[in-house]
Amino acid sequence: MAIRKIATIGHPVLRQVARPVGREELATAEMQTLIDDLVETMRDADGAGLAAIQIYQPLRIVAVEVRDNPRYPYKPKIPLTILVNPELTVVGEETFDNNEGCLSVPNLRGVVRRHTSLSVRAWDRHGALVETQVFGLKAATYQHEVDHLDGKLFVDRVTDPTTFASWTEFERHHKAAFVQRVAALVARLGE
Ligand code: ZN
C-alpha cells in the first residue's frame, strides 16, 4: 500500500470523465492495490471521500469513510465504503445547502445545494452489487464523489460565490451556524 499524490484543481485529469471498470479488471491485483492506496491516501489526508480520479486514475471508483475526522467533526460516521461504477438516483424533491471542501481544492470551502435523499446502485470492491439509500450529509458526500467521476468539482456548483471561504475563515465566521443547521438535518435523517 502507498499514499499517492492528490491532483489539485487546474490539473486536467480532474476534468476527465472517468471510465467504468469491468468485473475482471476489478479483480486484478493492480486494481485491488489501487483501491487499497485510495483508502490509505484518503485516511492520510483526513478526507471524507476520495475518487480514483483524484489520484490520477480516471476510473469510476470512489472511497467514502468518516471516522473521527478533524476536517469534518460534525459529520456522522460512515463505515469504509468502496463504490465501483456508482449510479445515483435522486429520491424526492428535497435539497439542502451543504458547506463543502475538497482535497483537490486546497483551503477553500463553499455552499453547494445537494439532494437530501438518493438511491445508490454500485458494486463493492469485489464486484458484488450493492443497492442502498443514503440521506443528508452522507448523500451530499456521495454526490460530491460521483461528481468527480464526471469531471466536476464542488466549485462548479457553488451558485453564490460570496459563500467561498478559506478553512480558517469558515471556522471563524460560518462554522457555528452551519453546524447548527446541519445538526437539525442529521437529527431528522440520521446521517
Ligand atoms: Zn472532492
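Biologist: How are the donor residues of the zinc ion spaced in sequence?

Modeller: They follow the pattern C-x41-H-x3-H. Donors here are N, O and S atoms within 2.8 Å of the metal (3.2 Å for Na, K and Ca); water is not among the atoms, so sites may look incomplete. Keep in mind that this is a predicted model: local features need pLDDT of at least 70, side-chain atom pairs count only at pLDDT 80 or more, and totals for chains, interfaces and linings use all residues. Residues are numbered from 1 along each chain as its sequence is written, and side-chain values use heavy atoms, with hydrogens and water left out.

Biologist: Good to know! Which atoms coordinate the zinc ion?

Modeller: SG of Cys102, NE2 of His144 and NE2 of His148 coordinate the zinc ion, at 2.1 to 2.3 Å.

Biologist: How far apart are His144 and His148 in the helix?

Modeller: Both belong to helix H3 (residues 136-149), and because they are 4 residues apart there, about one helical turn separates them. Helices (H or I, at least four residues) and strands (E, at least two) are DSSP runs, numbered from the N terminus.

Biologist: Is His144 buried or exposed?

Modeller: His144 is buried, at 9% relative accessible area, and His148 is buried too, at 1%. Buried means under 20% relative accessible area, exposed means over 50%, and partly exposed is in between (1.4 Å probe, protein chains only).

Biologist: Let's switch to the sheet. What is the order of its strands?

Modeller: The open sheet has 5 strands in the order E1-E2-E3-E6-E7, and their pairing is antiparallel. At the edges stand E1 (49-51) and E7 (129-135), each with a single partner strand, so one side of each has no neighbour in the sheet. From one strand to the next, the twist averages 40°.

Biologist: And what holds paired strands together?

Modeller: Strands of a sheet pair through backbone hydrogen bonds, either parallel or antiparallel. Two strands count as a pair if DSSP finds at least two bridges between them.

Biologist: Which strands does H3 lie across?

Modeller: H3 lies across E1, E2 (61-66), E3, E6 and E7, at about 70° to E3. Contact means heavy atoms within 4.5 Å. For the angle, axes are lines fitted to C-alpha atoms, for helices over the stretch in contact, and angles run from 0 to 180 degrees between N-to-C directions.

Biologist: Back to Trp123: what sits over its ring?

Modeller: The charged end of Arg23 does, 4.1 Å from the ring centre. Likewise, Arg109 lies over the face of Trp167, 4.5 Å from the ring centre. The rule is that NZ of Lys or CZ of Arg is within 6 Å of the ring centre and within 35 degrees of the ring normal.
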